[in-house]
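Please walk through this model with its helix packing and its open space in mind.

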Amino acid sequence: MPSSLDRRTLGSWLNGPRATLEAQGVQLPPRGKRLGRPVEGSGAVAGFGRRLVALFLDWVLALALTRIATIGADVDGQAWDLLVLGVFAAVSWGTLAATGRTPGYLALGLRLEMARPGEPRTVWGVRTAIRTVLLTLVVPAAIWDADGRGLHDKAAGTAVVRV
């Protein structure tokens, strides 16, 4: 009896939907092309790896800030987790709304922009708030399209691009 989970199935899941489709011979446009973005260089949609490292750096910063803010306080367990998540959300939203870059994005040469180049930044603070709330829910960020944008970016009409 064949296993329902073989190496090919697992590999396709780990590589993502784009790699799976390309392995089946489906021709997809380069990442960001449908949005009118360059394929490489400044303004190109950032790859998953860079965005993940930036997220990690932002999370470490939130942990450090929370630790500093709670010195001497008796905070642990679920309260600690929620506090760190709140600090992460506040730092993310505040820095994105003000500059379009979180500290992690700054360190890795990334910035948040409207999905299509030249599109006006209408209600930017609201867009970044929607994106931040969805990012803290994790699931939308773990699902992305052929352009490499997570559901949180699609909902906000934004894209993380290289500087």
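This is a predicted model: local features need pLDDT of at least 70, side-chain atom pairs count only at pLDDT 80 or more; totals for chains, interfaces and linings use all residues.

Residues are numbered from 1 along each chain as its sequence is written, and side-chain values use heavy atoms, with hydrogens and water left out.

Start with H4 and H6. Helices here are DSSP runs (H or I, at least four residues), numbered from the N terminus. The axes of H4 and H6 come within 9 Å and cross at roughly 150°. That makes H4 roughly antiparallel to H6. Axes are lines fitted to C-alpha atoms over the stretch in contact, with angles from 0 to 180 degrees between N-to-C directions; angles over 145 degrees count as roughly antiparallel, under 35 as roughly parallel, 65 to 115 as roughly perpendicular and the rest as oblique. The crossing of H4 and H6 is right-handed (the near helix is turned clockwise from the far one by less than a right angle). From H4, residues including Phe88, Trp93 and Leu96 take part in the meeting with H6, whose residues include Trp124, Arg131 and Leu135. Contact means heavy atoms within 4.5 Å.

Now turn to H3. The axes of H3 and H4 come within 9 Å and cross at roughly 120°. H3 and H4 are therefore oblique to each other. Their crossing is right-handed. Among the residues making this contact are Leu55, Trp59 and Leu63 of H3 and Trp80, Leu85 and Phe88 of H4. By class, the contact has 13 nonpolar, 1 polar and 2 charged residues. Ala, Val, Leu, Ile, Met, Phe, Trp, Tyr, Cys and Pro count as nonpolar, Asp, Glu, Lys and Arg as charged, and the others, Gly among them, as polar.

About 430 Å³ of space lies in the largest pocket. The largest pocket is lined by 24 residues, with Leu52, Leu55, Leu135, Ala141 and His152 nearest its centre. A pocket is an open set of points on a 1 Å grid where a 1.4 Å probe fits, with protein on both sides within 12 Å along at least five of seven lines; lining residues have an atom within 4 Å of a point. Its volume is the space filled by probe spheres set on the points, joined across faces, edges and corners. H3 gives the largest share of the lining, 6 residues.

Key
Helices (H or I, at least four residues) and strands (E, at least two) are DSSP runs, numbered from the N terminus.
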